[in-house]
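Please look over the sequence and the model shown here before reading the report that follows.

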Amino acid sequence: MKSFSSLTLTLLLLGISGCGGNTETTATPAPTAETPSEATLTALKKADLLDGSEDHVIKKCYVCSLAMDGEEKYSAELHGYQAHLCSDHCREKFEASPETVIAGVEVPD
Ligand SMILES: [Zn+2]
């Protein structure tokens, strides 16, 4: 008799904690860092147009303030754009923090 009642109590407690856990886990998904800012997209579009065509390929090295010619073998993908960098070093820097690189470069008109 004694063991039966404690088993019932255990099952009851498990049921309660299980229910509580379920409601806790249905939280809103964490925001992603992948969403580009409006300023970043505007800068990318402007940089894309520097070579005269809106082809989503940025042919100047963004890390070198768009003053150096980039190469296709050092390219990086970002928000649907392909950015050509001038060296492996520049590509690494761009891929590590693209938003920071873009924010620090004034795209010439
Ligand atoms: Zn560069």
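Predicted model: local features only at pLDDT ≥ 70, side-chain atom pairs only at ≥ 80, totals over all residues.

Ser65 sits in the loop between β1 and β2, and it has a positive phi of about 55 degrees although it is not a glycine. A positive phi, near 50 degrees, is also found for His79, which belongs to the loop between β2 and β3.

The zinc ion takes its protein donors from the SG atoms of Cys61, Cys64, Cys86 and Cys90, which lie 2.2 to 2.3 Å from the metal. Because the four donor atoms subtend angles of 107 to 111 degrees around the zinc ion, the arrangement is tetrahedral. Along the chain, the donors follow the spacing C-x2-C-x21-C-x3-C. Among them, Cys64, in the loop between β1 (57-58) and β2 (71-78), and Cys90, in helix α3 (residues 88-96), form a pair that links distant parts of the chain, 26 residues apart.

The relative accessible areas of several residues are set out below.

| Residue | Relative accessible area | Class |
|---|---|---|
| Cys64 | 26% | partly exposed |
| Cys90 | 5% | buried |
| His84 | 7% | buried |
| His79 | 27% | partly exposed |

His84 is located in strand β3 (residues 81-85), and its relative accessibility of 7% is under 20%, so His84 counts as buried.

Conventions:
Residues numbered from 1 in each chain as written. Heavy atoms only, no water. Donors = N, O, S within 2.8 Å, 3.2 Å for Na, K, Ca; no water. Tetrahedral: all angles 85-135°; square planar, octahedral: opposite > 155°, others 65-115°. Helix = DSSP H or I, 4+ residues; strand = E, 2+ residues; numbered from the N terminus. Buried < 20%, exposed > 50% of the residue type's maximum accessible area, 1.4 Å probe, protein only.
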